[in-house]
Amino acid sequence: MRALITGINGFVGGHLAEHLLADGRWEVWGLSRSPHLTLPHLIGKVELVQADLADAEATMRALVRVRPNVIFHLAGQPFVPESFRDPAGTLAANTLGALHIFLTLIEYRMATRVLVIGTNEEYGKIDPDDLPIDEDTPLRPTSPYGVSKAAQSLLALQYYYSHGLDLVRVRPFTHIGPRQNERFVTAAFARQIARIELGLQPPVVQVGNLSAQRDFTDVRDVVAAYALLAEHGESGMVYNVGSGRAVMIREVLDMLLAECTVPVEVRLNPELMRPIDVPLVVCDASRLRMRTGWQPHYTLAETLHDILTYWRERVRAEVTATTG
């Protein structure tokens, strides 16, 4: 099968490419605005097509060239804080790309399955009676990012109904792992710890809201769910992906600090607080499990250890590159 991963150079895109290549049954293509793959070990294994999904013509040319069996649509603006700073850009990035993909499939009559990757941020404001959150929970997004992804999901549902496109919608909950951008919470903690251990910053970890509880899943488990849904998901349906367990962010920080080799002070930074923060999020992924048999493989401790190892190696490499 031929897969096209939009946003191949992103955090999830690289892990998905690795998973599909390891499976051995996939021919993997990637789509990016960049002309280069950022992960060197994917060069020669992944065919790259350059296009900006905001450009309808460029999107059409890319899809006609690749003619994939499955599109994993990951590209977009993924940062909640950035969506408050640039709501218009976030709405455009997270809806126009999907629209241009759908219109190309219609025009060229491609029988391509598309996994439209959304987010638990679509659910937004969660009432206690909503927990755990299943796919029938009302959408009450609390950020422009959540709104943009809810709009993308509804757009996909509309084109499933109106044109019979083979679209499977997915709502992953908080997913973490090696190579994630430091603007996300676990990566931010791990990067600060790695820098502190090397004496590159004072022994203080800057934090935002530590009382929020989130449903954390390893990105490598999440992409395994995507692959299963590409083959077994029901067209038009939406599937949550998550562990089903809520963990306080303070506990996550404590697990990382337990591996730190030097004493560290934790200090609240008001700039890291969101305008609105849902206190408790727990995923109900029973629909996914019943349809595909998916189960998470990595424990939270294993994931956090791998994240810290990645940032220790990366920070050390950055120091070596700077000092020669």
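Glu-82 is partly exposed, with a relative accessible area of 23%; partly exposed here means between buried (under 20%) and exposed (over 50%), using a 1.4 Å probe and the protein chains only. Its salt-bridge partner is Arg-85, and this briefing moves from that pair to other features worth a look. This is a predicted model, in which local features need pLDDT of at least 70, side-chain atom pairs count only at pLDDT 80 or more, and totals for chains, interfaces and linings use all residues. Residues are numbered from 1 along each chain as its sequence is written, and side-chain values use heavy atoms, with hydrogens and water left out.

**Salt bridges**

- The structure holds 20 salt bridges, each being a side-chain nitrogen of Lys or Arg within 4 Å of a carboxyl oxygen of Asp or Glu.
- In the bridge between Glu-82 and Arg-85, the closest N and O atoms are 3.3 Å apart.
- Glu-82 and Arg-85 are three residues apart in helix α3 (residues 80-85), so about one helical turn separates them; helices are DSSP runs of H or I with at least four residues, strands are runs of E with at least two, and both are numbered from the N terminus.
- Arg-85 is exposed, at 58% relative accessible area.
- Glu-122 pairs with Arg-171 in a salt bridge whose closest N and O atoms are 2.8 Å apart.
- Because Glu-122 lies in the loop between β5 and α5 while Arg-171 belongs to strand β6, this pair ties together parts that are 49 residues apart in sequence.
- Glu-122 is buried, with a relative accessibility of 1%, and Arg-171 is buried too, at 4%.
- Arg-312 and Glu-197 form a salt bridge with 2.7 Å between the closest N and O atoms.
- That pair links distant parts of the chain, with Arg-312 in helix α10 (residues 300-323) and Glu-197 in helix α6 (residues 185-197), 115 residues apart.
- Arg-312 counts as buried, at 17% relative accessibility.

**The nonpolar core**

- The largest nonpolar core has 35 residues, and those with the most contacts inside it are Ile-5, Leu-20, Phe-72, Leu-115 and Tyr-226. Such a core is a set of buried Ala, Val, Leu, Ile, Met, Phe, Trp, Tyr and Cys residues joined through side-chain atoms within 4.5 Å.
- At least two residues of this core come from each of β1 (2-6), α1 (11-23), β4 (70-73), β5 (113-117), β6 (166-172), α7 (219-232) and β11 (238-241).
- Helix α7 gives the most to this core, with nine residues.
- As background, nonpolar side chains tend to be buried together in soluble globular proteins.

**Surface patches**

- Patches are made of residues with over 30% relative accessible area and no salt bridge, joining like charges within 9 Å and nonpolar side chains (Val, Leu, Ile, Met, Phe, Trp, Tyr) within 5 Å. Accessible areas come from the Shrake-Rupley method with a 1.4 Å probe, and for residues only the protein chains shown count as cover.
- Asp-52, Asp-55, Glu-57 and Glu-107 gather in a surface patch of negative charge. Asp and Glu count as negative and Lys and Arg as positive, while His and the chain ends are not counted; the place of a charge is taken as NZ of Lys, CZ of Arg, CG of Asp or CD of Glu.
- Glu-107 belongs to helix α4 (residues 87-107) and is exposed, at 57% relative accessible area.
- Leu-198, Leu-200 and Val-319 make a nonpolar surface patch of about 200 Å².
- Leu-198 sits in the loop between α6 and β8 (204-207) and is partly exposed, with a relative accessible area of 40%.

**Backbone points to check by eye**

- Most residues other than glycine have a negative phi, and most peptide bonds are trans.
- The peptide bond from Leu-131 to Pro-132 is cis, with omega near -15 degrees, and Pro-132 lies in the loop between β5 and α5 (144-163).
- Arg-67, which is not a glycine, has a positive phi near 45 degrees. Arg-67 is found in the loop between α2 (56-66) and β4 and is partly exposed, at 44%.
- Arg-109 also has a positive phi, of about 50 degrees, without being a glycine. Arg-109 is found in the loop between α4 and β5 and counts as exposed at 76% relative accessibility.
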